[in-house]
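I opened a new notebook page for this model.

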There are 2 protein chains.
Amino acid sequence: MLDLSLLPDGGLGWLDASGDQSDVVLSTRVRLARNVEGYAFSGRSREGERLRILAQVRDALPAVPSLSGGVLVRVDELDADDRRLLHERHVISRELAGAEASGGGGARGGAAVYVGDGLGVMVNEEDHLRLQAMRSGFALEPALAAILRLDEELGRRVPYSFHREFGYLTACPTNTGTGMRASVLIHLPGLVLTKEIPKVLVGLQQMGLTYRGLYGEGSEVLGSFFQISNQTTLGRSEEELVDHLASVVRHVIQREHEARRVLWRDAGYIIEDKLMRAYGTLRFARNLTFDDAMSLLSGVRLAVGLQLVQGLSVYTLNKLLIYSQPAHLAWAEGRELTEAEGDIARARFVRDTLADEMGPVQ
Amino acid sequence: MLDLSLLPDGGLGWLDASGDQSDVVLSTRVRLARNVEGYAFSGRSREGERLRILAQVRDALPAVPSLSGGVLVRVDELDADDRRLLHERHVISRELAGAEASGGGGARGGAAVYVGDGLGVMVNEEDHLRLQAMRSGFALEPALAAILRLDEELGRRVPYSFHREFGYLTACPTNTGTGMRASVLIHLPGLVLTKEIPKVLVGLQQMGLTYRGLYGEGSEVLGSFFQISNQTTLGRSEEELVDHLASVVRHVIQREHEARRVLWRDAGYIIEDKLMRAYGTLRFARNLTFDDAMSLLSGVRLAVGLQLVQGLSVYTLNKLLIYSQPAHLAWAEGRELTEAEGDIARARFVRDTLADEMGPVQ
């Protein structure tokens, strides 16, 4: 089993709710897609080629200053549970994990990730390299600065595929240009409850942005958690793209706060009841599906935002989201869990965590 | 406003959960319908006649030994809230309260109730007199003994309408004969959850018994609370009718316990989750409709029966059922409440009561 303690911050530094607006924005992520010159794109490369790419970057990565103290994890050598664990932690993508959902039965040969402090480099993902920076809260500019520095340092050691006209070349044309995708994971229960969210989402698309659920492309929107990111990667600089995203997200945050005020003014009693019931359910339930937990945790997060529940930290709420996922529960219990066992373990984990922070209930 | 402290036991002695099987059987009630010779039945009597009946029994009642320490309440002089309060306490019937549901806009002239310790005599109900005995738990024989003694003592002072062949004459022919209706208020969540209840209810009817919801004829079955009573009043003695009812109810109680065992064995985790969520909801909800409260309290009652919740007394559960009714909430708050205010007051009352007994939650 993977020893997560070897990873800087366990790969979870972004969870600590220390960032800006962290009651609404859980985390910020910026990633760059890069390919190494002289090889076919991952989709068409054979295992031997992928292993040569890995060997090449493996030599380069430890020398990159941004990644000092980092660790290389051979994803292709992990079992399915460990790959799922890293995916649930947002350290690797579903693609790299070779999860069932993306068609693969396991990670392909050469799949690896180099984990630094708030930084990661996936190797042999859809592109040869996926550089990512994760930050707590709303932190697009710092994340961009970190990833650009990493990119510059790594680019000095690894020759990237670059085209003078198109920019960075990528396996999927939608990434070509900057190869950048910047995203914020944002909690918008106010806009969902006031039913304003469809308008907001249409507005995002009109402004060249896109949204997804908590687990990336194709994942459902659960518990009012949205990932908002740039759609375009071409024709504008990284700074411009990030500035644009940041200004739209700032506007969305403002609208979320307005929605909460309206909700509280017009339906305070109903909302208080709904949220406190969600909290009561989490404190007493004996069985929680993941979807159920997400939805209830979303309610409690809003309750904390509205100061209906006091003394419960946003950090604990973030931790509950991550650690109540199936692979994390199995990891905590030290054994594989059936779905039914997972639901029981999840309910117990949530109860115990809340009891630790809020005191026991009887 | 009516001073309930003047009533012996507040009319609520039967609530104390001291009786047999009181976790399953909330209360036992036996009532006798009697009419006074020389007057038209209530439905056809004028106010003058009703007042003469009242005057006549009013002189007789204080002299009845079973009713010593009793109090006469002129229901026709109470306002609607107080009438509702007595109805919610099962001290007077909906008919006597002149509730909207029975077509009347208020109690008719001469409507009164004489309240003794676990005993009551309604005057100018559907019949001139309705004698009732209430007991905690499953106590048909003691309730019958008490009501027969009261009947005998009162019959010596008031001439009853009696026919040698038919027995006691009553306004509605279905009551003629003994004029007796014996009933138990029973909680059957096990049979409801295992879906066995329809079979049980059909069986009751085949054995000459009938069932209703918590508030008598026409009331919905809420929270798995059923009133089971005799259908027949004619052709058998009071003792035979009560023996028959008692033996059927004993059988139903046994089947309820079996259903709970099966439920626990086959779906323990699911049931525990469902019941603990109900408990958690009651501890945290800010808004509770009466139906909602009944259904959740039903769950918690089962949780106490299964020892999932420990330290919560059946008496408290009984009290919550009675005191979370609209008129009781208004009485506790000392003012009229809109339905929305009532729902908030109910949630607060339930939370406070549970916190008193189980300790605070945060």
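Helices are DSSP runs (H or I, at least four residues), numbered from the N terminus.

I noted the ground rules. This is a predicted model, where local features need pLDDT of at least 70, side-chain atom pairs count only at pLDDT 80 or more, and totals for chains, interfaces and linings use all residues. Residues are numbered from 1 along each chain as its sequence is written, chains are lettered from A and ligands numbered from 1 in the order in which they are written, and side-chain values use heavy atoms, with hydrogens and water left out.

**Entry: two helices**

I looked up H9(A) (residues 314–323) and H11(A) (residues 339–358); they pack at an angle of about 165°, with axes 11 Å apart. Axes here are lines fitted to C-alpha atoms over the stretch in contact, and angles run from 0 to 180 degrees between N-to-C directions. H9(A) is therefore roughly antiparallel to H11(A) (an angle over 145 degrees counts as that).

Which residues of H9(A) meet H11(A)? I found Thr316(A), Lys319(A), Leu320(A) and Tyr323(A). On the H11(A) side are Phe349(A), Val350(A), Thr353(A), Leu354(A) and Glu357(A). I sorted the residues of this contact into five nonpolar, two polar and two charged. Ala, Val, Leu, Ile, Met, Phe, Trp, Tyr, Cys and Pro count as nonpolar, Asp, Glu, Lys and Arg as charged, and the others, Gly among them, as polar.

**Entry: Gly342(A)**

I stayed in H11(A), where Gly342(A) lies. Is Gly342(A) buried or exposed? Gly342(A) is buried, at 9% relative accessibility. Buried means under 20% relative accessible area, exposed over 50% (1.4 Å probe, protein chains only). Leaving aside neighbours within four places in sequence, Gly342(A) touches Leu329(A) and Leu337(A). I also checked Gln325(A): it is 17 residues from Gly342(A) in sequence and 8.7 Å away, C-alpha to C-alpha.

**Entry: Glu153(A)**

I moved to H4 of chain A (residues 140–155), which holds Glu153(A). Glu153(A) is buried too, with a relative accessible area of 7%. Beyond its neighbours within four places in sequence, Glu153(A) is in contact with Val64(A), Pro65(A) and Ser66(A).

**Entry: two chains**

I laid chain B on chain A: a turn of 180° and a shift of 0.0 Å along the axis give an RMSD of 0.0 Å. That is the relation of a two-fold axis. Copies are superposed by least squares on C-alpha atoms of residues with pLDDT of at least 70 in both. In chain B, the C-alpha nearest the axis belongs to Gly280(B), 2.3 Å from it.

Notes: Contact means heavy atoms within 4.5 Å. Angles under 35 degrees count as roughly parallel, over 145 as roughly antiparallel, 65 to 115 as roughly perpendicular and the rest as oblique.
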